[in-house]
Amino acid sequence: MSEYVVDESTIFETPLVELDLDLEADADVYAKAEWFNLCDAPHGGGSIKSRIAKGMLDGAEERGALEPGVTVIEPTSGNTGSEVARLASARGYDVEIVMPDNAAGGKVDAVRDAGAEIRFVDANLGYDAVIERCEEVIAADPEAYFRPNQYENPDNPGTHERTTAREIYEATDGEVTHFVAGVGTGGTITGTGRGLTDLSDGAVEVVGFEPDERLHAIDGLKYLKTGDHYHPDTYDESVLDRTEYVTTSDAYDQARALRERYLDDPVPIADPGQHDEETVREHLRVDDQFVVGTSAGGGAAVVANLDAAGELADDDVVVFMLCDRGDKYADIPLWEEYL
């Protein structure tokens with residue numbers, strides 16, 4: 001374990017940056033840099049999952065569902081695992097994380113750094129097997145475990161509805177017209193979409209995206225297109241105005257295009273959130289490169305696709321999520337050549 005001390009006050013109020021995606025329309029495109037949740041944490045800072053880890057643990061403690069002596073356990077492909085591990089361990093709980101054995105190395109290292117035990121599941125069995133393994137562990141000793149359950153816990157979308165939506169609306173002065181987010185648990189798109197719909201009286205178009213193929217490499221996202229997979233209770237499609245489907249290659253290409261675009265130019269900071277601009281500059285790049293995660297590239301791909309289809313106007317304001325920083329993916333094809 002590192003000497004990093006978790007500071008939960010650094011969760012929420014993340015920076016909003018302005019990005020040039022080389023669109024035909026003159027729309028403004030912004031993105032939320034979510035690794036600034038716990039930005040000083042080793043192995044790439046925090047992520048968008050820092051929000052729900054805090055929301056779910058807070059809610060469980062307030063309801064008395066999580067008490068001292070219980071082990072916190074969660075199935076995850078990575079980011080939720082590291083954030084639950086960090087926060088729960090800092091609060092004094094033992095933590096076990098169940099994850100596929102092909103999870104990105106940076107995410108695995110973050111879980112281990114937090115002092116959590118990892119139970120690996122063969123990735124070839126599919127992600128449903130990860131959830132099933134977690135359920136088997138709990139069933140063997142149900143009194144010993146508490147599962148936050150990001151796939152069913154209403155504090156997942158509820159946290160985004162209360163925080164992410166308000167932050168985006170205020171940082172854009174209420175001018176946001178499109179919100180784009182990927183679907184994993186569905187918590188981000190459901191909660192933020194619902195919050196922005198309420199704040200804007202329905203003026204914001206909510207666009208969710210999923211991988212277009214069952215076998216994909218867009219971390220954190222779930223293939224739900226055919227309906228024969230586990231459907232999270234936290235995902236409410238009725239909040240969405242449309243769903244887009246993204247290829248892994250397009251997601252990777254867009255992430256790399258952002259690196260190239262800002263290799264020499266600074267990334268414009270539209271709103272630093274709770275941080276000062278010096279801190280934002282310090283944590284925005286890795287090895288002086290602007291590298292983001294796979295789902296962030298997917299979000300950029302969706303914005304580009306909307307533009308190519310003539311769906312964006314010159315006065316539109318689009319916001320998507322940079323769920324995590326690219327150094328968590330230094331060992332996979334996205335960034336292994338660069339980091």
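What covers the buried residues of α3?

Reply: Happy to walk you through it. Please keep in mind that this is a predicted model.

The cover over the buried residues of α3 includes α2 (79-90), β4 (95-100) and β5 (117-121). Helix α3 itself spans residues 105-113, and seven of its nine residues are buried, so the rest of the structure largely encloses this helix. Those buried residues are Gly105, Gly106, Lys107, Val108, Ala110, Val111 and Asp113. After α3 comes Gly115, which has a positive phi, near 90°.

Now let's take the covering elements in turn, starting with the strand β4. Glu96 lies in β4. With a relative accessibility of 8%, Glu96 counts as buried, because the cut-off is under 20%. One is with the side chain of Arg119, at 2.8 Å. The other joins the side chain of Glu96 to that of Tyr145, at 3.2 Å. Leaving out residues up to four places away in sequence, Glu96 touches Thr71, Val72, Ile73, Glu74, Glu117, Arg119, Val137 and Tyr145.

Next comes α2, another of the elements that cover α3. Helix α2 has a partner in α1 (residues 49-63): the two axes come within 8 Å and cross at roughly 50°. That angle makes α1 oblique to α2. The crossing of α1 and α2 is right-handed. On the α1 side, the residues that meet α2 are Lys49, Ser50, Ile52, Ala53, Lys54 and Leu57, and on the α2 side they are Asn79, Thr80, Glu83, Val84, Leu87 and Ala88. Sorted by class, the contact of α1 with α2 holds six nonpolar, three polar and three charged residues.

You will find Ile11 in the segment before β1 (16-18). Its relative accessibility is 4%, so Ile11 counts as buried. Setting aside neighbours within four places in sequence, Ile11 is in contact with Asn37, Leu38, Ser50, Arg51, Lys54, Leu87 and Gln274. Among these, Ser50 and Lys54 of α1 and Leu87 of α2 also belong to the contact between the two helices. For a sense of distance, Ile11 and Gly69 are 58 residues apart in sequence and 25 Å apart in space, C-alpha to C-alpha.

Let's go back to Tyr145, the partner of Glu96 in the 3.2 Å polar contact. From there you can follow the chain onward: the loop between β6 (145-146) and α5 holds Asn149. Most residues other than glycine have a negative phi. Asn149, however, has a positive phi, near 60°. Asn149 is buried, with a relative accessible area of 12%. For a contrast, look at Asp288, in the loop between α8 (277-284) and α9 (294-308). Asp288 has a positive phi of about 60° as well, although it is not a glycine. At 57% relative accessibility, though, Asp288 counts as exposed.

Beyond the loop with Asn149 lies α5, which brings us to a second pair of helices. The axes of α5 (residues 155-171) and α6 come within 7 Å and cross at roughly 50°. These two helices are therefore oblique to each other, and their crossing is right-handed. The contact of α5 with α6 has six nonpolar, nine polar and four charged residues. Among the residues of α5 that take part are Pro157, His160 and Thr164, while those of α6 include Thr190, Gly191 and Arg194.

A polar atom of the Thr190 side chain lies 2.7 Å from the backbone oxygen of Gly186. The Thr190 side chain also reaches the backbone oxygen of Thr234, at 3.3 Å. Not counting residues up to four places away in sequence, Thr190 touches Pro157, Thr234, Tyr235, Asp236 and Val239. Thr190 and Leu240 are 50 residues apart in sequence and 7.5 Å apart in space, C-alpha to C-alpha.

Technical notes. Residues numbered from 1 in each chain as written. Predicted model: local features only at pLDDT ≥ 70, side-chain atom pairs only at ≥ 80, totals over all residues. Heavy atoms only, no water. Contact = heavy atoms within 4.5 Å. Polar contact = N/O pair within 3.5 Å; in protein donor to acceptor, adjacent residues only side chain to side chain. Buried < 20%, exposed > 50% of the residue type's maximum accessible area, 1.4 Å probe, protein only. Helix = DSSP H or I, 4+ residues; strand = E, 2+ residues; numbered from the N terminus. Axes fitted to C-alpha atoms, helices over the stretch in contact; angles between N-to-C directions. Parallel < 35°, antiparallel > 145°, perpendicular 65-115°, else oblique. Left-handed = near helix turned anticlockwise from the far one by under 90°. Nonpolar A, V, L, I, M, F, W, Y, C, P; charged D, E, K, R; others polar.
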